[in-house]
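The sequence and the structure come next.

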Amino acid sequence: MRPIRLIVADAAGGAPDQLARLVAQKLTDSLGQQVIVDNRPGAAGVLGADIAAKSSPDGYSLLLTTTSIYAILPNLRKNLPYDPVRDFVPISRLATASNVLVVNVSLPAKSVAELVRLAKSRPGAINYASAGVGSPAHLAGEMLNLLGGIKLTHVPYKGAAPALLDVIAGNAQLIITSPISAGAHMHAGRVRALATTGPERNPSLPDLPTIAEAVPGYEISQSWGIVVPAGTPPHIVKRLSDEIVKAMNLPDVRDRVLKSGAVPAGDLPAAFQAFIARERQRLGEVIARTGIVLAD
């Protein structure tokens, strides 16, 4: 019996990787079959998603899908090497989180309002990192540029973890990323958290204001889930869904996800499919309304 491969289109250490490893361990236990995480970072998720889309639909290849893969990239790139709708079957949404804006501790800004004033005084001089062109962090940074009337310079990386490490090192000044990725660094004082990105304050980070409190209209969050290649037999889809939903409802899993600043989900396939469709449309409207073009 060969191992099941869970493809993560992000570098080790980022939010997708952390969630994948948590789920992989629980699936290994419940299925009695090894589930290994296969990190394939690059092109904001396109590389890993393409590998998953072209894998055999036999239940041995899963993809940890992200907001970038299922909602942002389909609205920005019409020449993807796979069909983002027809090439995947949803299994379950794992978790959702409003992002968090964190800055290098040496940056002289302790609030979003101060960051905006600083950026206006130094057009193009402040860099923001992202997990790659077309990633949620890229979209989040461009939204801040447009709605805040500022010019931050985008620096893309191959994954959220290396991007965040360069913010800590001071090679980039800020990143808007998931609290799962940034949480440990925030608590250790390696980065300074300024705000969260949802329409309301994150219940796991109640002391942080939202970006929208300083920049009206700002809102972006991200979610993660499991999909499989189209053509995977229905009985395999059901078994995987049942086991993942069960895993996401385990008290220790829910506790770990909540402590990371995210909200556990554990949707059934139909609910996850409907969620994907809504998010793809919602973020498509955001991209169109703000005129964001990711040309770099």
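A charge is taken to sit over a ring if NZ of Lys or CZ of Arg is within 6 Å of the ring centre and within 35 degrees of the ring normal. By this rule the charged end of R2 sits over the ring of Y60, 3.8 Å from its centre, and R93 lies over the face of F275, at 4.2 Å from the ring centre.

This is a predicted model, in which local features need pLDDT of at least 70 and side-chain atom pairs count only at pLDDT 80 or more, while totals for chains, interfaces and linings use all residues. Residues are numbered from 1 along each chain as its sequence is written, and side-chain values use heavy atoms, with hydrogens and water left out.

Rings of Phe, Tyr and Trp (its six-membered ring) pair if their centres lie within 6.5 Å, and planes under 30 degrees apart count as stacked, over 60 as edge-to-face and the rest as tilted.

| Pair | Centre distance | Plane angle | Class |
|---|---|---|---|
| Y70 and F272 | 6.3 Å | 85° | edge-to-face |
| Y82 and F88 | 5.8 Å | 75° | edge-to-face |

Because Y70 lies in helix α3 (residues 67–76) and F272 in helix α10 (residues 269–290), their pair ties together parts that are 202 residues apart in sequence; helices here are DSSP runs of H or I with at least four residues, numbered from the N terminus. Both Y70 and F272 are buried, that is, under 20% relative accessible area with a 1.4 Å probe and protein chains only. Y82 counts as buried at 5% relative accessibility, and F88 does at 11%.

Among the buried residues of helix α8 are I236, L240 and E243.

Methods: Buried < 20%, exposed > 50% of the residue type's maximum accessible area, 1.4 Å probe, protein only. Helix = DSSP H or I, 4+ residues; strand = E, 2+ residues; numbered from the N terminus.
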